[in-house]
Amino acid sequence: MRLANKVAIITGAQRGIGLAIAQRFINEGATVVLADVNDASAEALALSDSADRARSIRTDVSNDAQVKALMRQTLEHYGRIDILVNNAGIEFAKTVVTTTEDEWDQLMAVNLKGVFLCSRAVIPQMQQQGAGVIINIASELGLVGEAGVAAYCASKGGVVMLSKALAIDHGPQGIRVNCLCPGPVTTQLLEDVFASSADPGAMRAVFESQTVLKRLGRPEEVAAAAAFLASDDSSFMAGADLVVDGGWTTR
């Protein structure tokens, strides 16, 4: 098991990609903390037959006090933090013109500020340990952009570049930071985007057609890539953008 004896915090872990990553990490031998703005106690209980290997800590990643409490409680219970997966995110389908200031601020607070706050809170512990892994979940839309999701593209582009800056600053301290860029994946987040369109079925068909594989991805496929980045199998990777998008960005 590649992650045996590792302690991992996964934000936005109550459903979708975050929950799939938590399950994969458990399968790989890790202990996981599911950090989510919603209560993930039931999901944590279902992940493992050992109550001590998965626990839920309710956290709003845009709130510095709650982020600090997440790190403190994890350390109090497990004594170390080896892996942080910054996965929490929100999305809506709007152009700049139709996006309100409040909507912009809320999306940036979760998608980009949350990565900043969680990384800032965990890095001193990883520095003390002399090692650590941070995986930031961005998006293929942080690399190529797309029509009608301006704020989301901007936030995920920020995550990509923040990941590179973190890797440069903290790689010499034994902290590996990489970015994972999923394409369209069958999560509730994407389903909500489809539902907000005038013709959800047509929008889904467009998304499928824009991948080389002509289908949407599965959360488990992204989780497999996250497990690779979290493990020593990726020991010479830092500041990288690992794209798992079914070929979307080859268009």
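The model is a predicted one, in which local features need pLDDT of at least 70 and side-chain atom pairs count only at pLDDT 80 or more, while totals for chains, interfaces and linings use all residues. Residues are numbered from 1 along each chain as its sequence is written, and side-chain values use heavy atoms, with hydrogens and water left out.

The protein chain has 8 helices and 7 strands, where helices (H or I, at least four residues) and strands (E, at least two) are DSSP runs numbered from the N terminus.

### The sheet and its helices

An open sheet of 7 strands has the order E3-E2-E1-E4-E5-E6-E7, with parallel pairing; two strands pair if DSSP finds at least two bridges between them. Its edge strands, each pairing on one side only, are E3 (54–58) and E7 (241–244), and the twist averages 20° from one strand to the next. Strand E1 (residues 7–11) runs parallel to strand E2 (residues 31–36) and is joined to it by 5 bridges. Within this pair, Val7 stands opposite Thr31 in E2, and Ala35 in E2 is the bridge partner of Thr11.

| Helix | Strands touched | Angle between directions |
|---|---|---|
| H3 (residues 64–78) | E1, E2, E3 and E4 (83–86) | about 155° with E3 |
| H5 (residues 150–170) | E5 (132–137), E6 (175–182) and E7 | about 160° with E6 |

Cys179 lies in strand E6 and, at 0% relative accessibility, counts as buried. Leaving aside neighbours within four places in sequence, Cys179 is in contact with Asn136, Ala138, Val159, Val160, Ser163, Leu229, Ala240, Asp241 and Leu242. The C-alpha atoms of Cys179 and Ala167, 12 residues apart along the chain, are separated by 9.8 Å.

Thr187 has its place in the loop between E6 and H6, and is buried, with a relative accessible area of 13%. Not counting residues up to four places away in sequence, Thr187 touches Gly16, Ile17 and Pro219.

### The contact of H6 with H7

Helix H6 (residues 188–195) and helix H7 (residues 200–209) pack at an angle of about 125°, with their axes 8 Å apart. That makes H6 oblique to H7, because angles under 35 degrees count as roughly parallel, over 145 as roughly antiparallel, 65 to 115 as roughly perpendicular and the rest as oblique. In this contact Leu190, Glu191, Val193, Phe194 and Ala195 of H6 meet Pro200, Met203, Arg204 and Phe207 of H7. The residues divide into 7 nonpolar, no polar and 2 charged.

### The chain as a whole

The C-alpha trace of the protein chain spans about 50 × 35 × 35 Å along its principal axes. Buried residues make up 49% of the 251 residues.

Note on methods: Axes are lines fitted to C-alpha atoms, for helices over the stretch in contact, and angles run from 0 to 180 degrees between N-to-C directions. Contact means heavy atoms within 4.5 Å. Ala, Val, Leu, Ile, Met, Phe, Trp, Tyr, Cys and Pro count as nonpolar, Asp, Glu, Lys and Arg as charged, and the others, Gly among them, as polar. Buried means under 20% relative accessible area, exposed over 50%, partly exposed in between (1.4 Å probe, protein chains only).
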